[in-house]
Amino acid sequence: MTTAFEKQIVVAITGASGAVYALRLIQTLLAAGRNAHVVVSGAARQVFQQELETGLPSRTGECPEWMEVIHTVTEGAGNGLWKFRPMTGLPGVTPGKVFQYGSSDFHSSIASGSSLTGGMVICPCSMGTLSAIATGASTNLIHRAADVHLKERRPLILVPRETPLGIIQLENMVAVSRAGATVLPAMPGLYHQPKCLGDLADFLVARICDHLKIPHSLSSRWGQAVES
Ligand SMILES: Cc1cc2nc3c(=O)[nH]c(=O)nc-3n(C[C@H](O)[C@H](O)[C@H](O)COP(=O)(O)O)c2cc1C
């Protein structure tokens, strides 16, 4: 039985490469009946334009416009690069909704520990945001919400992407890991024999959902048959 607060998942999107992961993650959360509470950094909007040739809705509050972007990109109608297997809804599950927050809106619910959630994912996570969390800087809503999840001992998953990694970045990963976060790098495996780029993204999103204990139908598990 999932409680009302466990259904609320914070998804922060920062300016590292891998914009498509964020879209597929939000789509998967909604299909599982979770509400996605989304915050996007200014740099992330630049990356979306660069990688997916799409802008993002800016409306705060309930923001169904996210669904249009998700459908356009995941069905290959954007720049045509990304094609995903159809998202199969979970039986008996009412799809969740997207709520968006401004990246400087410290009055918003997710800036406070009194607002209960089932966890937070920063996907993708830039080295800049990683650093701000490791040092407790809290200069924008993404840093603040991450800080809240750590201090309240709630799940916080960081999906960093950079290569190679310098000592500062490695030490920041150790620091957030010690503080209770899960560092889940954007490193899709290849052993599941991906058939398309979407399969690579699904590998990663599946691992994120597994860590949040959110059911999904994204990929088969090791030891089980790979779907064709
Ligand atoms: C197209 C593009 C790709 C980028 N890729 C990365 C990346 O993979 N990893 C990273 O740490 N920063 C990357 N950056 C740099 C970050 O966006 C930059 O450091 C920014 O200050 C991060 O701010 P944010 O954490 O508030 O989003 C990229 C920037 C652009 C415009």
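How many residues surround the ligand, and which are the closest? The ligand is surrounded by 16 residues, the closest being Thr14, Gly15, Ala16, Ser41 and Ala43; a residue is near a molecule if its C-beta atom, placed from the backbone, lies within 6 Å of it. This is a predicted model, in which local features need pLDDT of at least 70, side-chain atom pairs count only at pLDDT 80 or more, and totals for chains, interfaces and linings use all residues. Residues are numbered from 1 along each chain as its sequence is written.

**Ligand shell**

- Helix 2 (42–52) and helix 4 (127–135) are the elements that give two or more residues to the shell around the ligand.
- Helix 2 gives the most to this shell, with 5 residues.
- By type, the shell residues divide into 5 nonpolar, 9 polar and 2 charged. Ala, Val, Leu, Ile, Met, Phe, Trp, Tyr, Cys and Pro count as nonpolar, Asp, Glu, Lys and Arg as charged, and the others, Gly among them, as polar.

**Overall fold**

- The chain has 7 helices and 7 strands, where helices (H or I, at least four residues) and strands (E, at least two) are DSSP runs, numbered from the N terminus.
- Along the sequence they follow the pattern β-α-β-α-β-α-β-β-α-α-β-α-β-α.
- Taken along the principal axes, the C-alpha atoms fill a box of roughly 45 × 40 × 35 Å.
- Of the 228 residues, 43% are buried. A residue is buried if 20 or more other C-beta atoms lie within 10 Å of its own, exposed if 12 or fewer, and partly exposed in between, with C-beta atoms placed from the backbone.
- Among contacts with a separation of 6 or more, 78% join residues 24 or more positions apart; two residues are in contact if their C-beta atoms, placed from the backbone, lie within 7 Å.

- The largest nonpolar core has 66 residues, of which Val11, Ile26 and Cys123 touch the most other members. Such a core is a set of buried Ala, Val, Leu, Ile, Met, Phe, Trp, Tyr and Cys residues joined through C-beta atoms within 7 Å.
- Helix 1 gives the most to this core, with 10 residues.
- Not counting residues up to four places away in sequence, Ile26 touches Val11, Ala36, Val38, Trp66, Ile70 and Val98.
- Helix 1 is largely enclosed by the rest of the structure, because 13 of its 13 residues are buried.
- The end C-alpha atoms of helix 1 are 19 Å apart, in agreement with the 18 Å that its 13 residues should span at 1.5 Å a residue; the expected span is 1.5 Å times one less than the number of residues.

**Helices 4 and 7**

- Thr129, Leu130, Ala132, Ile133 and Ala134 are buried in helix 4. The cover over the buried residues of helix 4 includes strand 5, helix 5 (141–151), strand 6 and helix 6 (167–178).
- Helix 7 (residues 197–211) reaches 22 Å from its first C-alpha to its last, close to the expected 21 Å.
- The buried residues of helix 7, including Leu204, Val205 and Ile208, pack against helix 1 (19–31), strand 5 (119–125) and strand 6 (156–160).

**Backbone geometry**

- The Cys123 to Pro124 peptide bond is cis, with omega near -10°, and Pro124 lies in strand 5.
- Thr163 and Pro164 are also joined by a cis peptide bond, with omega about -10°; Pro164 is in the loop between strand 6 and helix 6.
- Ser138, a residue other than glycine, has a positive phi near 55° and lies in the loop between helix 4 and helix 5. Ser138 is partly exposed, with 17 other C-beta atoms within 10 Å.
- Lys213 is not a glycine, yet has a positive phi of about 60°. Lys213 lies in the segment after helix 7 and is exposed, with 11 other C-beta atoms within 10 Å.

**Gln8**

- Gln8 is in strand 1 (residues 8–13) and counts as buried, with 21 C-beta neighbours inside 10 Å.
- Leaving out residues up to four places away in sequence, Gln8 touches Asn35, His37, Thr117 and Gly118.
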